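Visitor: I am new to this structure and would like to learn how to read it feature by feature. Could you show me the general idea each time, and then the case at hand?

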Amino acid sequence: QAAKGSKVLMLCNPNNPTGKLLDKSFLLNIVQQFNGLVVVDEAYIDFCPEKSLANEVGNYSNLIVTQTLSKAFGMAGLRVGMAWANTQWITALNSIKPPYNISSLVQESAIDTFKTNDWTEIIKTIKSERVRIQNFLENLENVETVIPSEANFILFRMKNARTVYQSLIEEGIIVRNRSTQFNCENTLRVSIGSPAENDRFIQKMKTL
């Protein structure tokens, strides 16, 4: 409703900072009704790839889907992203992108990283650890709400969020304070790390 009259509507799926997933049929309904370009940012879709809209771009002339290697594949430093769209939009994007926008060194690093890591197992571990941290937070006395997530992070609300945020920093643990974002008062967002890193987060939260 707020985007009526706009030329471009951008949606994150899964969303940030909640990690919640918009239903595929709901998204396609928006694409059909919106009188403009709909860009669906799927930065975290590799944690639920079956929910991607990438295979729908041939069916809708106003849909662009973007993804990245920065999240599930841990290649944020390489700055590699991609877009799926129909031929018209890809032609338009190719006409404005810089030549050689991805260097050969970046390409080689990305390919080598894909070959040398078992990403299926890594993503499986992250999802398993996400469940473990969610269960822990749901049973923590000071936590009021835990938002179910399809991404590699969890958003939760607690009364003394700002104090906990600062105390975790002093312990060398960095979470995101999302309290200034719309409808996110007193919320923190924790990324899912390795089991050992998650153990440390859990222990410090118990202490705090």
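Guide: Helices (H or I, at least four residues) and strands (E, at least two) are DSSP runs, numbered from the N terminus. This is a predicted model, in which local features need pLDDT of at least 70 and side-chain atom pairs count only at pLDDT 80 or more, while totals for chains, interfaces and linings use all residues. Residues are numbered from 1 along each chain as its sequence is written, and side-chain values use heavy atoms, with hydrogens and water left out.

Visitor: Which residues of helix α1 are buried, and which are exposed on the other side?

Guide: Buried means under 20% relative accessible area, exposed over 50%, and partly exposed in between (1.4 Å probe, protein chains only). In α1 (residues 24-33) the buried residues are Leu27, Leu28 and Val31. These cover an arc of only 95 degrees around the axis, which puts them on the same side of α1; the arc is that of the directions from the helix axis to the C-beta atoms. Ser25, Gln32 and Gln33, on the other side of α1, are exposed.

Visitor: How should I read the sheet that contains β1?

Guide: Two strands pair if DSSP finds at least two bridges between them. Here four strands form an open sheet in the order β1-β2-β3-β4, with mixed pairing, and its edge strands, β1 (8-12) and β4 (81-84), each pair on one side only. From one strand to the next the twist averages 20 degrees, with axes taken as lines fitted to C-alpha atoms, for helices over the stretch in contact, and angles running from 0 to 180 degrees between N-to-C directions. Within this sheet, β1 and β2 (residues 37-41) pair in the parallel sense over five bridges, and Leu9 stands opposite Val38 in β2.

Visitor: What is the strand order in the antiparallel sheet?

Guide: That open sheet has four strands in the order β5-β6-β8-β7, and its pairing is antiparallel. β5 and β7 (176-177) stand at the edges with a single partner strand each, so one side of each is left without a neighbour in the sheet. Between β6 and β8 there are five bridges in the antiparallel sense, and Leu155 stands opposite Arg189 in β8.

Visitor: Where does α4 lie, and what do its buried residues pack against?

Guide: Helix α4 lies across β5, β6 and β8, running at about 5 degrees to β6. A helix has an expected span of 1.5 Å times one less than its number of residues; for the 20 residues of α4 (residues 119-138) this gives 28 Å, which agrees with its end C-alpha atoms being 28 Å apart. Its buried residues include Trp119, Ile123, Ile126 and Phe136. Seen down the axis, the buried residues of α4 fall within an arc of 155 degrees, so they line one face of the helix. They pack against α3 (104-116), β5 (143-147), β6 (153-158), β8 (187-191) and α6 (195-207), whereas Thr120 and Lys124, on the other side of α4, are exposed.

Visitor: Finally, how many disulfides are there?

Guide: A disulfide is a covalent bond between the sulfur atoms of two cysteines. With the cut-off that a pair of cysteine sulfur atoms must be within 2.5 Å, the count comes to zero disulfides. The sulfur of Cys12 is 13 Å from the closest cysteine sulfur, in Cys184, which is too far for a bond. Cys12 is partly exposed, with a relative accessible area of 31%, whereas Cys184 is buried, with a relative accessible area of 6%.

Methods
Contact = heavy atoms within 4.5 Å.
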